[in-house]
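Work through each task with the coordinates at hand, then compare with the solution.

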Amino acid sequence: MKKPRATRRQHNTPTISDVAARAGVSPMTVSRVINAKESVRERTRERVEAAIAALNYAPNAAARALAGGDDIRIGLLHSNPSFAYLSALLVGALDQASRSNVQLMVEKCDDADDYRAVIDHLLAGRVDGVLLPAPLSDAAGILEAIRDAELPVVAMATEHAPEWALSICIDDKRAAYEMTRHIGALGHRRIGFIKGDPNQAASGTRLAGYRRALKDMGLPYDPKLVVNGLFSYRSGLDAADVLLGLADPPTAIFASNDDMAAASVAIAHRRGLEVPRDLTVCGFDDTALATTIWPELTTIRQPVLDMARIALERLVQVIRLRRAGRRDEIGQSHIRAEHALIRRQSDAAPPAADA
């Protein structure tokens, strides 16, 4: 018999959302009352205090002790299958947290989690804002819970962030277009493509860039050359095996991230192919993995580490402006980061017989 999934709180323990619902206010308003903020009307404060008493809600004492002053706590929620991507993200966020003199609260958040319980947990820890990297930045449920809690958020690596949220991303379509054109310029005519997680907006955007490049080069789109992946190494192994098992396999594989590209190199070696002599393999992200395998990957540089730094710095700025009652000075809500095509040793012209 399958054991029930563990949760952060027992089902019979009231949460900050329960208090908010009973008082008819947002969870953030409850947090303000708990932390004795002056920006709450007296009638609202009384309703919240009555709800707290009725539900016997016990706020986190340690979190209350941290209240006041310019102290800022940022929650970073993550759920990314790429360890290399996550490492770059954490290094950038931790570095900027130190520079900005703020506390960083890092939490793993799976699809099966109760998103509102996750946000309740952050609010109980007196978090002032949230960094939301992909793929969570495309998850409507977590974004809705953050909005209802009135927390400022930076959605990272998505071009589909809601208007009310801050966001930062590269031009995924343009980046994929440039890489596909680069591979075509080497002489390849059968270019395999490994897609990312279908639940992540960047997956479709990168595919669109690949297809547009084929069209502009006068090459036909062959659906057999496009295989699903999940941004994980394991999914890259399976996808590359399918592509290289075709009766007329591609002479090049462009994978939607470095993990799947590295997996493609491994499958090529397993099949007795030499990269790049027999097969060109290119990736996306330029994580540390791109330079720790052989041959080193030609890839698109998505500056994940710098994006994390910029996102946290911007989030802290917005929090301070909100505290000072200067929301009209917040300004730009979307930041476009620059990408670059980094050429290394994993690409070359196709074998002469197939050129």
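A charge sits over a ring if NZ of Lys or CZ of Arg is within 6 Å of the ring centre and within 35 degrees of the ring normal. The model is predicted, so local features need pLDDT of at least 70 and side-chain atom pairs count only at pLDDT 80 or more, while totals for chains, interfaces and linings use all residues. Residues are numbered from 1 along each chain as its sequence is written, and side-chain values use heavy atoms, with hydrogens and water left out.

**Exercise 1.** Determine over which ring the charged end of arginine 206 sits.

*Solution.* The charged end of arginine 206 is placed over the ring of phenylalanine 284, 3.7 Å from the ring centre. A further case is arginine 211, which lies over the face of tyrosine 221 at 3.7 Å from the ring centre.

**Exercise 2.** Classify the aromatic pairs of the structure.

*Solution.* Rings of Phe, Tyr and Trp (its six-membered ring) pair if their centres lie within 6.5 Å; planes under 30 degrees apart count as stacked, over 60 as edge-to-face and the rest as tilted. The structure holds two such pairs.

Step 1. Phenylalanine 193 and tyrosine 210 are stacked, with 4.7 Å centre to centre and 20° between the planes.

Step 2. For phenylalanine 193 and phenylalanine 254, the centres are 5.4 Å apart and the planes at 75°, so this pair is edge-to-face.

Step 3. Phe193, Tyr210 and Phe254 therefore form one aromatic cluster.
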